[in-house]
Amino acid sequence: MSMIKAHHLAVSYGHGETALKVVKDVSFEVEKGETFGLVGESGCGKSTILGALAGRNKQWTGTIEIDGETIGQKRTRAQLAKQQLVFQDPFGSIHPRHTIGRTLLEPLEIHGKDRRQERIEKVLTDVGLPLNFRYRYPHQLSGGQRQRVAIARALILEPKILLLDEPTSALDVSIQAEILNLLKDLRQREQLTYILVSHDLAVVAHLCDRVAIMQSGGFVEVATRQQLLENTVEHPYTRILMDGSRGYVSEKRNSRREALPA
Amino acid sequence: MANTSDTILTVENMSVEFPTLSGVTTAVRDVSFTVGREKIGIIGESGSGKSTTGRAIMRLQPPQAIVKANRMQFEDIDLMAASEEEMRSIRGRRIAMILQDPKYSLNPVMTVGEQISETVILHERATPQEARSRTLAMLERVNIRDPQRVFDLYPHEVSGGMGQRIMISMMLIAQPSLIIADEPTSALDVTVRQQVLSILDDLVVERNIGLIFISHDLNLVRSFCDRVIIMYAGRVVETIAAADLDQAQHPYTRGLLNALPSLDHPKDRLEVLRRDPAWLEN
């Protein structure tokens, strides 16, 4: 069964003549337990798709179905709780003057959940943080720990879907590895479905089963993980992005490599 | 092939210390390296002291910082002994710096052309006409298609990639012999990054100058630079030819390499770096 179905989804910003269509008619389905990647350069509309799925951006047309339920522009609390966002910058996305415990309490209050202390303790354990961290402030935490808090805040409402917007691009490589491992564990343990936005195809290939490559608001290609690893992607733009995640490709070195017999 | 034996910069046992209320914090400890006519990468995590090292070479550290070194020699100049006035004539003319985000490093109220010409007007006392023609030539050199139009644009009117090319042209117009590039492409998209790097690569080779490339991106440094310095907690843990990075010996370097997800060597779980307190000794 599909967890997410988007059909002819288009999203725009602004009104009237100045309206800007950022996402132009994309369709995709994500199975339960699957991780679907969205890759592209800045401004291609990948985060906007997440925004529309999360209910942040209400100016969309087309149909969205989540967990078998067709979603309208206005959603109920229960519908909103089903998918939660994790943002890129753990420095900017957590309230600096609230303790971690208070940050985690807020979604529980909004959604009127019971057993609050119990839930907070469970979610901190789930993301691998010590329980006494609930009394700390964000500035007392490292970047990796803060990103764990951001993931905990998303998980505390027991969502079925996590929408991950560049969850590791502000982190050092060694910390990125920890967070990617955590996301893999959580997906398995909690039977979660992920949509991962990233500009790094190596990260995407590590976590995702399928990935949509985006350019100016549309999909140019939907590739499987296998295609990425075997280097059998079709679209030239995907290849450019793949080269990019390998590092610098000098034009001269390239031509030299081509001149060599394989 | 550039002559790498021709040393431009020698740094011996450089330390940068910040006095704080709770004692002295050493951001960089006993760092030694040389830069020839080559591209040398400095790699490290946030807080490893890589940017502080780059700034200390240009003597751009914050006023409270204390820089100590046995020797800091740039061509014929002793950087430890040079007066502030001498440093002003070196900065921008003989050692240039490219910063991460052109949005914040360009002056927002001056046109792009004025900012680039300023360098040659200040350092070489060029006439405005001469400065303009050199600026236009330089803009063309960094593959800006319509230099006449770009000359009169303000920084907010150009894209990130073009901004970074403008930064490069500003740095190179005075013909420095050493460039310090601090994360020059981290704010750029992949395709733009390739363009900017290939311009930088060509210019370094063409002018036979030295480049210090500060980055946190292992794959990028490995493929772009000739040699790599790996820094950890303010120390140089290893210096290695970029091509030999896979054979790196130090457990920290190995840990970083293994923590990296890769398209070519996929693995189910990434190795998590185990930090060894022994790395902090010596």
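Over residues 4-241 of chain A, the chain is 36% helix and 27% strand, and the end C-alpha atoms lie 26 Å apart; helices (H or I, at least four residues) and strands (E, at least two) are DSSP runs, numbered from the N terminus. UniProt lists these residues of chain A under "domain: ABC transporter" in an unreviewed entry; its positions follow the numbering used here, feature names are shortened, and annotations may be inferred rather than shown by experiment. The model is predicted, and local features need pLDDT of at least 70, side-chain atom pairs count only at pLDDT 80 or more, and totals for chains, interfaces and linings use all residues. Residues are numbered from 1 along each chain as its sequence is written, while chains are lettered from A and ligands numbered from 1 in the order in which they are written.

Within chain A, the axes of helix α3 (residues 100-110) and helix α4 (residues 116-126) come within 10 Å and cross at roughly 120°. Axes are lines fitted to C-alpha atoms, for helices over the stretch in contact, and angles run from 0 to 180 degrees between N-to-C directions. α3(A) and α4(A) are therefore oblique to each other (angles under 35 degrees count as roughly parallel, over 145 as roughly antiparallel, 65 to 115 as roughly perpendicular and the rest as oblique). Gly101(A), Leu104(A), Leu105(A) and Leu108(A) of α3(A) meet Arg116(A), Arg119(A), Ile120(A) and Val123(A) of α4(A), contact requiring that C-beta atoms, placed from the backbone, lie within 7 Å. By class, this contact of α3(A) with α4(A) comprises five nonpolar, one polar and two charged residues (Ala, Val, Leu, Ile, Met, Phe, Trp, Tyr, Cys and Pro count as nonpolar, Asp, Glu, Lys and Arg as charged, and the others, Gly among them, as polar).

In chain B, six strands form an open sheet of mixed pairing, in the order β7-β8-β9-β3-β10-β11; two strands pair if DSSP finds at least two bridges between them. β7 (95-98) and β11 (235-241) of chain B stand at the edges, each with a single partner strand, so one side of each has no neighbour in the sheet. Strands β8 (residues 178-182) and β9 (residues 210-215) of chain B run parallel and are joined by five bridges, with Gly210(B) in β9(B) as the bridge partner of Leu178(B).

Between the chains, 30 residues of chain B are in contact with 28 residues of chain A. On the chain B side, α8 (190-207), α9 (218-224) and α10 (251-259) are the elements that give two or more residues, and α8(B) gives the most, with seven.

Conventions
Two residues are in contact if their C-beta atoms, placed from the backbone, lie within 7 Å.
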